[in-house]
Amino acid sequence: LRVRNNLLNNQHHYSVYMMCTNGDSASRASASTYAHGPKPRDPYFAFIPQVAGFLGSILCGELTTAKNAVVGFPSWSVGFGKDTYSYYRDNPRTLFDEVISGFTVAIMQVPESIAFSFVAGVPPQSGLHATFWMATITGILGGKPGMISGAAGALAVVVPQITAENGDLPHLSKDERLNALYMTMFICGIMQVLFCVFRLAKLVRLIPETGMIAFMDGLAIIIFMAQLPAFMKCDQAELFVDCEVSQREWLTFQSEPWVLTCTLVHVVMCMFIMKFFAKIPKIGKIVPSSLIALLFGTMIEFTLFRKAFGVSTRTVGETATMSGDIPRFHWPAVPTDNPNTLTIIFYYALILATIGSVESVLTLQACNEITDTVPKVSESNQELFAQGLANLVCGLFSAMGGDAMIGQSTINIMNGARHRVSSTC
């Protein structure tokens, strides 16, 4: 150290020292600092044009990609249609599996969408329309063929903060709160598209394995909570959805012993079929076990329970009305008298966009694990784009929005679906 300090006393000794260090970068940097003084610092806001240039280059690249996609779409679609037709013509068994699995998932999504509509505090049609838009758009444009999206529970537990009377928008009427929800989903979709543009899906890799397991367990709890109303009754209204929460009563063995017994038989029987039917040689590989459980449960209800025992359990048609119309465009008009309204909308839009993006990417990873597929970041970003576009459309058509559904996606993949026919149809 003494020799080193003496060498740094003048410029001549500094040049000699540079030759003696023989390529030692750390020593050279230290010597340069002592000889020439510290490097002047950049202005405080110098990073702003650098960040702006970085983001601008990303946007220009995305616009170029979008332009090429639009220009080449006609020729690509023709070739894709021909290849798809030729593939399924040569593989009719694959087409059969895709259609049967898609049909099964479609039936199962109806009661689940209505259940999550109860949780979110929105009309059942809003949940059904959300499932339609989410499943169709992500089925065509999503990053993982066979993955199912719809009105999901992860978003449904947050939505009541907007739609409930005792939520964060108590100064708005019921219709105005619904419009606030639809505007929130519109902004949420834009944010998710921006997540895709800036390639934020790779940040999910920072989530530890324990966090992923805990997230999936939380979704299981939400799905379980959404099924609890099946063990409740309401005699004050014709439809269960028309009853207030205070009017609903639990089924007990003291009040309704046979109805509760038949409900439990339904649950146990369907779980048993879904678990063991697939293990039956030959037959178990032809028809999905979930479809058999649905058909067998319906047959038992309308033949044994209602005809023989004179006991009925509540059906989907007795829970909520199934009559409706096709989705119609509706711009959500939100009152702007209170400045806090827009702040709350943007706040929950960011929360819903983050939750939906994380659940969708984690669901995609779970599907990759089932199919033994190597995960790709590009697939996750593509899924974010599809989810964002679907939520944006949901906001414009009075739908509650949604994201990937881990339960339905798992059932679809385990039924043998590997292509977009099942998730789209």
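1. Helices here are DSSP runs of H or I with at least four residues, numbered from the N terminus. On that basis, S75 is placed in helix α4, which covers residues 47-90. The model is a predicted one.

2. Confidence in the protein chain has a mean pLDDT of 83, with 88% of residues at 70 or more. Helix α2 (residues 11-21) has the lowest confidence, with a mean of 48. The highest is found in helix α9 (residues 174-197), at 93.

3. S75 has a relative accessible area of 57% and is therefore exposed, the cut-off being over 50%. Its side chain lies 3.1 Å from the backbone oxygen of G72.

4. Helix α6 runs over residues 124-141, 18 residues in total. From first C-alpha to last, α6 reaches 26 Å, close to the 26 Å expected at 1.5 Å a residue. Of its 18 residues, 13 are buried, so α6 is largely enclosed by the rest of the structure.

5. T163 belongs to helix α8 (residues 160-163). The relative accessibility of T163 is 9%, so this residue counts as buried, the limit being under 20%.

6. Which residues does T163 contact, leaving aside its neighbours within four places in sequence? They are A120, G121 and V122, together with R177, L178 and L181. Helix α9, with the highest confidence in the chain, spans residues 174-197, and R177, L178 and L181 are among the contacts of T163.

Notes. Residues numbered from 1 in each chain as written. Predicted model: local features only at pLDDT ≥ 70, side-chain atom pairs only at ≥ 80, totals over all residues. Heavy atoms only, no water. Helix = DSSP H or I, 4+ residues; strand = E, 2+ residues; numbered from the N terminus. Expected span 1.5 Å × (residues − 1). Buried < 20%, exposed > 50% of the residue type's maximum accessible area, 1.4 Å probe, protein only. pLDDT = per-residue confidence, 0-100. Contact = heavy atoms within 4.5 Å. Polar contact = N/O pair within 3.5 Å; in protein donor to acceptor, adjacent residues only side chain to side chain.
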